[in-house]
Amino acid sequence: MSLFWRIFLLNAVVLIIATALLLGPVTVSTPVLLTEAAVLTGGLGVMLIANGLLLRIGLVPLQRLTRAMTTIDLLRPAQRPAVGGRGEVAELITTFNAMLDRLEAERATSAARALSAQESERHRIAQELHDEVGQSLTAVLLELNRAAPHAPPDLREDLHQVQETTRTGLDEIRRIARRLRPGVLEELGLTSALKALTNEFTGATLVVHHRIAADLPPLEAETELVLYRVAQESLTNVARHAAARRAELALNRGPVGVELRVRDDGRGLGDAAEGAGIRGMRERALLIGAELDLGSAPGGGTDVRLTVPVPHRSQ
């Protein structure tokens, strides 16, 4: 029986009982006697309680659906309200779940196109930095090296300072180009790329260690890129926001694939809302069907865990 008919029949029963009482032997004096007032109040209370109970029971699934609507995040898939109730209520929840399936599929498709365009743009910018700006600065540095020995003594020191500034700028451009396009990932593989990444973030205030297993299963190029980008974003957050002294990057074989973990001893996430970087990591994880978890590390700090399923390949 649908929710409409259940509510309608209950209200009909209440009205029929009230009409029967009015037509029955029960009378109301003027002024109302205390016993008559008690009977009327009790009857009204019973009718209100019965009506409230049925509405409460019938609307509980709708309340669960309302809570789900306010808490569901498309970046955390597979969150679905349980189908409960009967009739229109169950149909409404089923339709809502089907809508979520469609929205998640459409979001995954659009995110894949957006991230693919982003990687292409990163590749183009990195190549222009390396080929255009890098070569121009290299030419300037060569000219300075050639001109320095022939310069007057009072200008020679200034030329050396310009040389150092140019060399520093050239190194910075190369570093930016490497971050935009991890050439070492394409040329030497994921293991070498992650080791180079930890060395890049290791400095005077932060030491990053790595533990990378030697028995990793074969991974697709898209999976390796997601693992690298998530590790890169995690270490960037550590360096910028965590105020950490030590961090560790680990990549190991798991029961169903591989697991990437980045932990630090910094201040942790706290109550801060997830920024664009973390949401970007979640979108990348969805592209390969991976699961991203962020929590507190045992000794304080942040623990980022990316679990990537790897299908078994038959020999």
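The exercises below walk through a predicted model of one protein chain, each with a worked solution.

Residues are numbered from 1 along the chain as its sequence is written. Because the model is predicted, local features need pLDDT of at least 70 and side-chain atom pairs count only at pLDDT 80 or more, while totals for chains, interfaces and linings use all residues, and side-chain values use heavy atoms, with hydrogens and water left out.

**Exercise 1. Find how many helices and strands the chain has, and in what order they run.**

Begin with the terms: helices (H or I, at least four residues) and strands (E, at least two) are DSSP runs, numbered from the N terminus. Counted in this way, the chain has eight helices and five strands. Reading from the N terminus, the order of these elements is α-α-α-α-α-α-β-α-β-β-α-β-β.

**Exercise 2. Work out the strand order of the sheet and which strands stand at its edges.**

Two strands pair if DSSP finds at least two bridges between them. On that basis, the five strands make an open sheet with mixed pairing, in the order 1-2-3-5-4. Strand 1 (207–212) and strand 4 (291–296) each have a single partner strand, so one side of each is left without a neighbour in the sheet. Within the sheet, strand 3 (residues 257–264) pairs with strand 5 (residues 302–309) in the antiparallel sense over seven bridges, and arginine 261 stands opposite arginine 305 in strand 5.

**Exercise 3. Describe how helix 3 and helix 4 pack.**

Two packed helices are described by the angle between their axes and the distance between the axes. The axes are lines fitted to C-alpha atoms, for helices over the stretch in contact, with angles from 0 to 180 degrees between N-to-C directions. For helix 3 (residues 88–147) and helix 4 (residues 153–180), the angle is about 165° and the axes are 9 Å apart. Since angles over 145 degrees count as roughly antiparallel, helix 3 and helix 4 are roughly antiparallel to each other.

**Exercise 4. Decide whether arginine 284 is buried or exposed, and list what it touches.**

First place the residue: arginine 284 lies in helix 8 (residues 276–287). Next apply the cut-offs, by which buried means under 20% relative accessible area, exposed over 50%, and partly exposed in between (1.4 Å probe, protein chains only). With a relative accessible area of 9%, arginine 284 is buried. Finally, taking contact as heavy atoms within 4.5 Å, and not counting residues up to four places away in sequence, arginine 284 touches Leu115, Gln118, Glu119, Val226 and Arg229.

Technical notes: Angles under 35 degrees count as roughly parallel, over 145 as roughly antiparallel, 65 to 115 as roughly perpendicular and the rest as oblique.
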